[in-house]
Amino acid sequence: MRLLMIWLALAGIANAEAMQLIVQGTTAQGSRYTGYGTCFVVGTTEAGKCLIVTAAHNFDNAERGSVIKGGKRYPVEDLRIHPRHDVASFESPMPYGGEFKLRQATRRVRVEALGFGPKFHGRPTAGWTGEMVGSQFMLGDGGLHSCSGDSGGPVITGDGYAVGLVTGVETSGSTPTRRNQYAATNARTVVTDADAIRLHLTQYYSQQCGPNGCSIWLRPQIQQPQFLGIPTGPPRVVGVTPPIDSVGIVTRPSVPQQQPVSPPATQIVRPTDSQIQAAVNVWMQANISQLKGSDGQCLPITIILARDGQEIDRETYQPGQPIILDVETLGGSR
């Protein structure tokens, strides 16, 4: 199994830049096409290739692609597309010239988005500035927004961190070819945030966990005990796990790494019936593709309950058979 070195939080952004992405493919109607987008480097491999991310939709119906750097074309290799988030990663044997570090936007922060949209429409290449609204939207100065060809470009802070990549523009109209096309409505640029990019990278490139699988990393979070929305006690610190998008893959924390945190036994809160049902429903919806075979038919499901690494119950359900979950068992009463 090959090793990958992803230096997501190390120095190396001095020469980081956005790059042109060109893809060729065949439309659903059978016509050949050439598409354009933007991409950027976030790391390197042990083999010396650059690890690059972009918007997943840039590769819709694509058969091959290339990146332009320094006037030269380099091939897209080992393409990996996330099943839910609009992010894709690939490798390319281009010379390394720096990378963007990833950092989640947690507040309104000034940013600049980089993209080659104008160039693909016969105008000079330039970025545009604005501020993040949450982590998934950018409100551009003067109402400016992304246009076709900008997809996959980095959205960066003043100190050089990438808080996400350009996905599109928030509008019900046609895909814009100018960045001021919907300026009158203050249309926001949609962003795939840094957490989604990092999740994609850790799922596909950080599975070097040994025969016993990956450990679950917890992060501390302050929670206020409540009953029916009414505080019932003082705030306390508990350990929570980040969300997981696919079966058998547990993400590790972003650097600097946090040590696993185990909440005191006296502070363990048993889940309610509704919480258990909600968690099961969310998991089933998020993993529906893994629950089907290659022909799209549902597969048998085996549910295993365990405590402290020891199996305490196991049930197998055939396709179409109702799945019965004993909330007393899941709630930890036995």
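A charge sits over a ring if NZ of Lys or CZ of Arg is within 6 Å of the ring centre and within 35 degrees of the ring normal. This is a predicted model: local features need pLDDT of at least 70, side-chain atom pairs count only at pLDDT 80 or more, and totals for chains, interfaces and linings use all residues. Residues are numbered from 1 along each chain as its sequence is written, and side-chain values use heavy atoms, leaving out hydrogens and water.

**Exercise 1. Charges over rings**

Task: Find which ring Arg188 lies over, and which ring Arg103 lies over.

Solution: 
- Turn to Arg103. It lies over the face of Tyr161, at 3.9 Å from the ring centre.

**Exercise 2. Aromatic pairs**

Task: State how many aromatic pairs the whole structure has, then work through Phe40 and Phe100.

Solution: 
- Apply the criterion. Rings of Phe, Tyr and Trp (its six-membered ring) pair if their centres lie within 6.5 Å; planes under 30 degrees apart count as stacked, over 60 as edge-to-face and the rest as tilted.
- Count. The search of the whole structure gives four aromatic pairs.
- Classify. Phe40 and Phe100 are 5.7 Å apart, centre to centre, with 80° between the planes, and the pair is edge-to-face.
- Phe40 is in strand 3 (residues 32-45) and Phe100 is in the loop between strand 8 (88-92) and strand 9 (101-102), so the pair ties together parts 60 residues apart in sequence. Strands (E, at least two residues) and helices (H or I, at least four) are DSSP runs, numbered from the N terminus.
- Check burial. Buried means under 20% relative accessible area, exposed over 50%, partly exposed in between (1.4 Å probe, protein chains only). Phe40 is buried because its relative accessibility is 0%. Phe100, at 5%, is buried too.
- Tyr36, Phe116 and Phe120 form one aromatic cluster.

**Exercise 3. Cysteines**

Task: Give the number of disulfides, and decide whether Cys39 is buried or exposed.

Solution: 
- Set the cut-off. A disulfide is a pair of cysteine sulfur atoms within 2.5 Å.
- Count. The structure holds zero disulfides.
- Check Cys39. Its relative accessible area is 0%, so Cys39 is buried.
- Check Cys147. At 4%, Cys147 is buried.

**Exercise 4. Positive phi**

Task: Locate Asp78 and Asn186, and give the phi of Asp78 and of Asn186.

Solution: 
- Asp78 belongs to strand 7 (residues 77-81). Its phi is positive, about 50°, although Asp78 is not a glycine. With a relative accessible area of 38%, Asp78 is partly exposed.
- Asn186 is in the loop between strand 14 (161-169) and strand 15 (189-193). Its phi is positive, about 55°, and Asn186 is not a glycine. At 45%, Asn186 counts as partly exposed.
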